[in-house]
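Trainee: Could you help me learn to read helix packing and aromatic pairs in a model that is new to me?

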Amino acid sequence: MRRLQMVIIGVASCVCVLAVTPRPAYALFSDAAVVAAIKLLQAFTGNALNTMTKNLTDSIDSNLSSLTNPNSVASLLTKGFTQVANYAKAQVGAQSQLMDAQDAAMAGFLRRQQETGIRDEHMMNPEFCAGLDAQQSTVAASKAARSAVYAIATVSDPRGEAGQGTPSYYGKSQGTDANMSLHLKRYCSSDDVAQGLCSSVSRLPNADQRAASLFGADTLSADGAVDAANDYATTLIQPVAPAALRGEQLSSLRGREAATRRRSYNSRMSLARWVTGYVTSLGVPSVTLTRDQKAEMTAEGLTPLDKASWLQAMALEVNRRVSSVSWNASLQAMPPASVMREVATEMAQANYLALQNYRLSLYLATMGATRVAQEEEVAFKDGLTPMPSPTINP
C-alpha cells in the first residue's frame, strides 16, 4: 500500500513538472514521445488505481461480509445473532420451566385450598359443640321435669281426694288446721307474728300466696323455693280439700250420687293441679350447667348456678343466640356449612319449643272443655223443674 502511494506521488510530480515547465525551444523529445509517455503514464495510473480499488474492495469485503474472516462484521453479526438465538432458546426453556413450576405451585395451592374447604365443611364449629351440649342438657332437664310433675301429682292428688293419711280424710276442719300449720311453719309473716300465731318471721314470708314463688325465677332453688312454688299452687287451686265420703255416705243411693260428683270434682282439681305442677316442674333444678352456659349467665348479669332447670337451660340457649357477642362473632367467621348447621339447629330448637307449646295447649284445651262442661251442667240443672219423688209402699 505504501509503495502504491509513492508511485502515485511520483507520477503526479512528473505531470505537474510537465505542465508547469515551459517547453524549451529545442526539446530533447518529440511531441510523439511526450504523447506516448503520457499515455503510458495514464495506463500505468489506471492499472494502479484499478489494483488499488480492487484491493480496497477485497479488503472491505473481507472486513464486512466475509464469513471466513473471524473479525469481519458479518462474522461478528452472525456470532451475535447466534448468541441472541441461543439466549432466546434458553429464555424459552427457562420460561417453560417457570410456567411448569408456577402451574405445579398453583395446583398445589388450589388442592390445599380445596382440602381446607373440605375440612371446614366437615369440622364441627366450637359454637356447634356448645349448642349440642346445651341441647343435651335441655333434654335431660325435660326428662327430670316430667319425673318432678309426676312426683308432685303423686302427693297432690291423694290430698285433694282426701285419701287415707291426708288431713281432710278426717274432716274439712282438720284439713284447714293442717294448711294453717304449714303456713305458720314455713311462711310466717310479720302480721302472723303480731297476732301471736308464730314466734318469728320466716325466710320466705307469705310465699305460699305470692305468684313470684312460682314465676319469679327460671330455676327454683333447692333450699325451699320448690316447696314454696308447690305450696303457692296448693293455695291457688285447692287450699283445703273437702272431707272424704265414708260409710253410709257411699253405700246409700244419695251417697252414690255424692260420690259421683266428688269424683268429678276430684278430676277437675287433679287437672288444675297437674297444670300448676307441670309449670312448677319446669323450674326444678335438675341438670349441671356447662361452662358456656355459666358464662352466658354471667354475661346476662345472673349468678351462675351449678344445677339449673329445664326452663333455665332453654332460656340460656335461646338468649345465647340473641345477645351473645362471642356467638355472633363466630357466626361471622363460620363457613357456609357451619352456618347451615346453626340454622338447622335453630329450626330443631323451634320445633322442640313448638312441641312443648303444643303439649301445654292440650292442657289448656282440656281445662277449657272442663269449664264449658261445668257451665253447661249448671245451666242444665237450673233449667229443670224438680219432680216429686213417688211413694212406694212395700
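Mentor: We will go through helix contacts and then ring pairs. This is a predicted model, where local features need pLDDT of at least 70, side-chain atom pairs count only at pLDDT 80 or more, and totals for chains, interfaces and linings use all residues. Residues are numbered from 1 along each chain as its sequence is written, and side-chain values use heavy atoms, with hydrogens and water left out.

Trainee: At what angle do helix α8 and helix α10 pack?

Mentor: Helices (H or I, at least four residues) are DSSP runs, numbered from the N terminus. Axes are lines fitted to C-alpha atoms over the stretch in contact, and angles run from 0 to 180 degrees between N-to-C directions. Here α8 (residues 225-237) and α10 (residues 253-281) pack at about 155°, their axes 10 Å apart. The two are therefore roughly antiparallel, a word for angles over 145 degrees.

Trainee: Which residues of α8 and α10 make the contact?

Mentor: Contact means heavy atoms within 4.5 Å. From α8 come V226, A229, N230, A233, T234 and I237, and from α10 come M269, A272, R273, T276 and T280. By class, this contact has 6 nonpolar, 4 polar and 1 charged residues. Ala, Val, Leu, Ile, Met, Phe, Trp, Tyr, Cys and Pro count as nonpolar, Asp, Glu, Lys and Arg as charged, and the others, Gly among them, as polar.

Trainee: How are α11 and α12 placed relative to each other?

Mentor: Helix α11 (residues 291-299) and α12 pack at about 70°, with axes 10 Å apart. They are therefore roughly perpendicular, the term for 65 to 115 degrees. Q293, E296 and M297 of α11 meet Q312, A313, L316, N319, R320 and S323 of α12.

Trainee: How many aromatic pairs does the structure hold?

Mentor: Rings of Phe, Tyr and Trp (its six-membered ring) pair if their centres lie within 6.5 Å; planes over 60 degrees apart count as edge-to-face, under 30 as stacked and the rest as tilted. The structure holds 4 such pairs. In one of them, Y169 and Y170 have ring centres 5.3 Å apart and planes at 85°, so the pair is edge-to-face. In another, the centres of W310 and Y352 are 6.3 Å apart and the planes at 45°, so that pair is tilted. It links distant parts of the chain, with W310 in α12 (residues 310-323) and Y352 in α14 (residues 336-382), 42 residues apart.

Trainee: Is W310 buried or exposed?

Mentor: Buried means under 20% relative accessible area, exposed over 50%, and partly exposed in between (1.4 Å probe, protein chains only). W310 has 7%, so W310 is buried, whereas Y170, at 56%, counts as exposed.

Terms used
Parallel < 35°, antiparallel > 145°, perpendicular 65-115°, else oblique.
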